[in-house]
Amino acid sequence: MLGGEKPEQALRNRLRSVVAGVMGSALCNTIGHEYGQESIDGVSHKLLHGIVGGIEGAILDGRDGITAGALGAIVSESLVEVIVPNLTELSMEAFLEGDTPEAQKQLLEDKLKRYTDRATLITAATLCALGVERVDTAIETAQTAVENNFVLQAIGLGLTVFEMVDAYQEGGLNQALVT
């Protein structure tokens, strides 16, 4: 027995988790890219995450996981957009605090991780209050959504801000605007 499960069941559950995570990560990344390009609106963005979360939930827990997975993805994506402060300001903070480009990127990732962790915890608490039974599935889909969509977009924006500031320092306003 592994953690109360037979080894065969533990392996099956882990494989389901890996398949759901890989599929969810790829689709959430694509959804985030399209949203960032303004190819889809905010409502479609959340609904698409709900669909992906529902599919992930089905892979993880069969029919019982569909609703939990969909709600986890929708609620977390909605929350993270509300609780994260202005991304440009967050990027500038990381730029000013970091000594090197690597340190700046790490600082931005750390700052964003704190917010996405909060969004996941609030999602879990909200879904518990609503009586959702498979909160573990909801948490997994919530993390997949915010880590493979919002965080990647935010880091991309942060790196763009870093590049513009570097260009400004090297060549002035014209150089920064060309970047």
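**Helices and salt bridges of the predicted model**

At 45% relative accessibility, Glu97 counts as partly exposed, a class that lies between buried (under 20% relative accessible area) and exposed (over 50%), with a 1.4 Å probe and protein chains only. The structure is a predicted model, in which local features need pLDDT of at least 70 and side-chain atom pairs count only at pLDDT 80 or more, while totals for chains, interfaces and linings use all residues. Residues are numbered from 1 along each chain as its sequence is written, and side-chain values use heavy atoms, with hydrogens and water left out.

The protein contains 6 helices and 0 strands, where helices (H or I, at least four residues) and strands (E, at least two) are DSSP runs numbered from the N terminus. Of its 179 residues, 37% are buried. Among contacts (heavy atoms within 4.5 Å) with a separation of 6 or more, 70% are between residues 24 or more positions apart.

Helix α2 covers residues 42-61, and its end C-alpha atoms are 28 Å apart, in agreement with the 28 Å that its 20 residues should span at 1.5 Å a residue; the expected span is 1.5 Å times one less than the number of residues. At the start of α2, the backbone nitrogen of Val43 has a side-chain oxygen of Asp41 within 3.3 Å. The buried residues of α2 include His45, Lys46, His49 and Glu56.

Helix α3, residues 63-83, has 21 residues and reaches 31 Å from first to last C-alpha, close to the expected 30 Å. Its buried residues include Gly65, Ala68, Ser76, Glu77 and Val80.

The whole structure holds 6 salt bridges, each defined as a side-chain nitrogen of Lys or Arg within 4 Å of a carboxyl oxygen of Asp or Glu. In one of them, Glu97 pairs with Lys111, with the closest N and O atoms 3.5 Å apart. Glu97 lies in helix α4 (residues 87-97) and Lys111 in helix α5 (residues 101-129), so the pair ties together parts 14 residues apart in sequence. Lys111 counts as buried, at 8% relative accessibility.

Lys113 forms a salt bridge with Asp117 at 2.8 Å between the closest N and O atoms. Both residues lie in helix α5, 4 residues apart, about one turn of the helix. Lys113 is partly exposed at 39% relative accessibility. Glu147 also forms a salt bridge with Lys113, at 3.8 Å between the closest N and O atoms. This pair links distant parts of the chain, with Glu147 in helix α6 (residues 135-178) and Lys113 in helix α5, 34 residues apart. Salt bridges that share partners join Asp61, Arg134 and Asp136 into one network.

Definitions and conventions:
A polar contact is a pair of N or O atoms within 3.5 Å; within protein, one must be able to donate a hydrogen and the other to accept it, and residues adjacent in sequence count only if both atoms are side-chain atoms.
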